[in-house]
Amino acid sequence: MSTHTIVSIIALLAYTALMLYVGIGKAYDKDVVSTSRGFFIGGGTGYFVLFFTTAATWFSTWIYMGAPGSFYKNGIGWIAGATWQLLIMFLMGVFGTRLWRMAKSYEYVTPGDLLDGYYQSSGLRKTISLGQLIFCFPYMMAQVSGVGLAVSTLTAGFIPSWLGCLYAAVVVGLYVYFGGFKSQAWVDTMQGIMFTVILWVTVAIMIWQNGGGVAGLFAGVERAGGDLLRYLTGEGYWTWKMYLSFFLIQAIGGYFAPYVWQRAYAAKSGKTILKIAGTLGFFYVFAIMLPVMLVGFGGISLGVEAANADSIMVTTMTQFAPYVAIFVVVGILAAGMSTISSILVTTSSLVTVDFIQQAKPDMDPKKVRDISRTLILVILAAAL
């Protein structure tokens, strides 16, 4: 076993220990998780933690793989993501405080709760929840798969991909099972800060290796040719139809995804949501989108050949800074596992509250929580 692989395994163990320490040690609150509602949406989450749990849930493995890969392969077009993310923030500002007030007044937990309460239709509740489960489940599977591949890459195949998937399920399952939303939100916060810092360190190394600062990086992209710095609207990958479909589906669907919707219920106050609506969009554009673009273009400027565009970030760091590549893969783990945990809490709440509790409305809240904990294990097993 090489020194690099040994260091990689040590980094993986340290990252795992930190997650469990935060999720089970620091964030676990017996009083909050004593009821099903506390287990699903916490006990009133403040600005800082809610900001990062929302960000970490949103920004899954695509910020390390899909988006840099798109810049590397298809050029500047993905920068349009800034526009639909700002629309999401607008929707949060308009709807978020209203969702919070209604949840506060009527103790809603799921989106179906609210719709049933307004339209007095349990059929609508079940239909919406079923649709959201169909939406969430394959997305969670994709993140589990991505984490498994990342663990295998990190350890140079010493840990196979299937075992990496099992690792993701076991670790996330542990802190979500015990601590519910609050534990998940605290770990998300740690992971969100981690993958943002790692992203910027990667950019700094690429710019340094390229020489000439940011201008030198873009000059390298221009020399590569291929209209990579032009936003093509009539031909190629980023046509106006592609942009419009991304804009509408990502923005409207993105905000009303159940694991984002429920974060409005979890807020400490309506002002907390307004603060996030006013700041998270700018964080995405300048702290996430900007370095993601520079990573994709950095690979082009440095002349890196990646057989799979999604691996451009790992491939570049492996070539120019092998030990930094270890932390890049840890960043992928953080991005993927934060999304897995959020979806896990959400899907268990959808099944428990909108189906099981509806069949037995007089069920004790602690019993509801215990059923949801069992469902967490079932959903993880099914995803695997």
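Colleague: Happy to start with confidence: where in the chain is it highest?

Modeller: This is a predicted model, so local features need pLDDT of at least 70 and side-chain atom pairs count only at pLDDT 80 or more, while totals for chains, interfaces and linings use all residues. Residues are numbered from 1 along each chain as its sequence is written, and side-chain values use heavy atoms, with hydrogens and water left out. The chain averages a pLDDT (the predictor's confidence in each residue, from 0 to 100) of 91, and 99% of the residues score at least 70.

Colleague: Which helix gives the most to the lining of the largest pocket?

Modeller: On a 1 Å grid over the protein atoms alone, a pocket is an open set of points with protein on both sides within 12 Å along at least five of seven lines, and lining residues have an atom within 4 Å of a point. Of its 25 lining residues, Trp58, Ser60, Trp62, Tyr139 and Gln250 are the closest to the centre. Five lining residues come from the helix that gives the most, H7.

Colleague: And which helix supplies the largest share of the lining of the largest cavity?

Modeller: A cavity is a set of grid points where a 1.4 Å probe fits but cannot get out, and the count comes to two cavities of 30 Å³ or more. The largest cavity has a volume of about 70 Å³, and its lining includes Leu50, Met92, Tyr255 and Arg263. H3, H11 and helix H12 (270-301) each supply at least two of the lining residues. The largest share, three residues, comes from H11.

Colleague: Is Asp113 buried or exposed?

Modeller: Asp113 lies in helix H6 (residues 111-119); helices here are DSSP runs of H or I, at least four residues long, numbered from the N terminus. Not counting residues up to four places away in sequence, Asp113 touches (heavy atoms within 4.5 Å) Glu107, Tyr108, Arg125, Val353 and Asp354. Buried means under 20% relative accessible area, exposed over 50% and partly exposed in between, with a 1.4 Å probe and protein chains only. Because its relative accessible area is 11%, Asp113 counts as buried.

Colleague: Which elements do the buried residues of H6 pack against?

Modeller: Those buried residues are Pro111, Gly112, Asp113, Leu114, Leu115 and Asp116. They pack against H5, H7, H11 and helix H14 (322-359).

Colleague: What kind of aromatic pair do Phe256 and Trp261 form?

Modeller: Rings of Phe, Tyr and Trp (its six-membered ring) pair if their centres lie within 6.5 Å; planes under 30 degrees apart count as stacked, over 60 as edge-to-face and the rest as tilted. By this rule the count comes to 25 aromatic pairs, and one of them, Tyr177 with Phe178, is edge-to-face at 5.2 Å centre to centre and 80 degrees between the planes. For Phe256 and Trp261 the centres are 5.7 Å apart and the planes are at 70 degrees, which makes the pair edge-to-face.

Definitions and conventions. Points joined across faces, edges and corners; volume = space filled by probe spheres on them.
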